[in-house]
Amino acid sequence: MSAYVVIDLDVDDPAGFQQYVDAVNPLLEKAGARNLLVDDDCLVLEGDWRPATLVIHEFDSRQAARAFWDAPAYQPLKALRRRHATVQVVVAQPR
């Protein structure tokens with residue numbers, strides 16, 4: 001069953017963050033993930049959550065998302081991302 005990685009992304013350094021994007025996209029592809037959404041102008045209907053940019057990736061399963069997150073090839077990219085952006089990340093799976 002598909003799982004969705006939902007990311008609240010706040011980029012501090014766009015040029016530096018682009019290095020992360022360029023490196024992570026091939027890894028996402030290799031993991032079979034699809035980039036479903038990148039929106040920097042979300043419409044908030046209720047509550048105080050205001051993501052600077054909302055990103056949603058689809059993986060084949062929760063296990064596939066976790067395997068990507070824990071993969072050795074992704075670890076240096078997490079560090080690169082943390083230098084240039086702040087994120088909140090959750091994985092959700094439909095029932």
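Which strands does α1 lie across, and at about what angle does α1 run to β1? I started there: α1 lies across β1, β3 and β4, and runs at about 165 degrees to β1. For such angles I use lines fitted to C-alpha atoms, for helices over the stretch in contact, and count from 0 to 180 degrees between N-to-C directions. Helices (H or I, at least four residues) and strands (E, at least two) are DSSP runs, numbered from the N terminus.

A note on the source: this is a predicted model, where local features need pLDDT of at least 70, side-chain atom pairs count only at pLDDT 80 or more, and totals for chains, interfaces and linings use all residues. Residues are numbered from 1 along each chain as its sequence is written, and side-chain values use heavy atoms, with hydrogens and water left out.

**The sheet**

I looked up the strand order next. It is an open sheet of four strands, β2-β3-β1-β4, with antiparallel pairing; two strands pair if DSSP finds at least two bridges between them. β2 (34–39) and β4 have a single partner strand each and stand at the edges, so one side of each has no neighbour in the sheet. On average, neighbouring strands are turned by 15 degrees against each other, direction ignored.

Between β1 and β3, which run antiparallel, I found seven bridges. Val-5 has His-57 in β3 as its bridge partner. α2 also packs on the sheet: it touches β1, β3 and β4, and its direction makes about 150 degrees with that of β4.

**Val-55**

Val-55 is buried at a relative accessible area of 8% (buried is under 20%, exposed over 50%, partly exposed in between, with a 1.4 Å probe and protein chains only). Leaving aside neighbours within four places in sequence, its contacts (heavy atoms within 4.5 Å) include Val-5, Ile-7, Leu-37 and Val-38.

**Helix α1**

Back to α1. Its 17 residues should span 24 Å at 1.5 Å a residue, and the end C-alpha atoms are 24 Å apart, which agrees. The expected span is 1.5 Å times one less than the number of residues.

Where does α1 bend? It bends by about 30 degrees at Val-24, and Pro-26 follows within four residues. The bend is the angle between axes fitted to the seven residues ending there and the seven starting there.

The buried residues of α1 are Gly-16, Phe-17, Tyr-20, Val-24 and Leu-28. I noted that β1 (3–11), β3, α2, α3 and β4 (85–92) are among what covers them. Just after α1, Gly-32 takes a positive phi of about 80 degrees.

**Aromatic rings**

How many aromatic pairs does the structure hold? I get five. Rings of Phe, Tyr and Trp (its six-membered ring) pair if their centres lie within 6.5 Å; planes under 30 degrees apart are stacked, over 60 edge-to-face, the rest tilted.

Tyr-20 and Tyr-74 make a tilted pair, 6.5 Å centre to centre with 55 degrees between the planes. Tyr-20 is in α1 (residues 14–30) and Tyr-74 in the loop between α2 (62–70) and α3 (75–84), so the pair ties together parts 54 residues apart in sequence. Both are buried: Tyr-20 has a relative accessible area of 9%, and Tyr-74 has 3%.

Phe-59 and Phe-68 are tilted too, at 5.6 Å and 45 degrees. Phe-59 is buried at 2%, Phe-68 at 10%. Last entry: Phe-17, Tyr-20, Phe-59, Phe-68, Trp-69 and Tyr-74 form one aromatic cluster.
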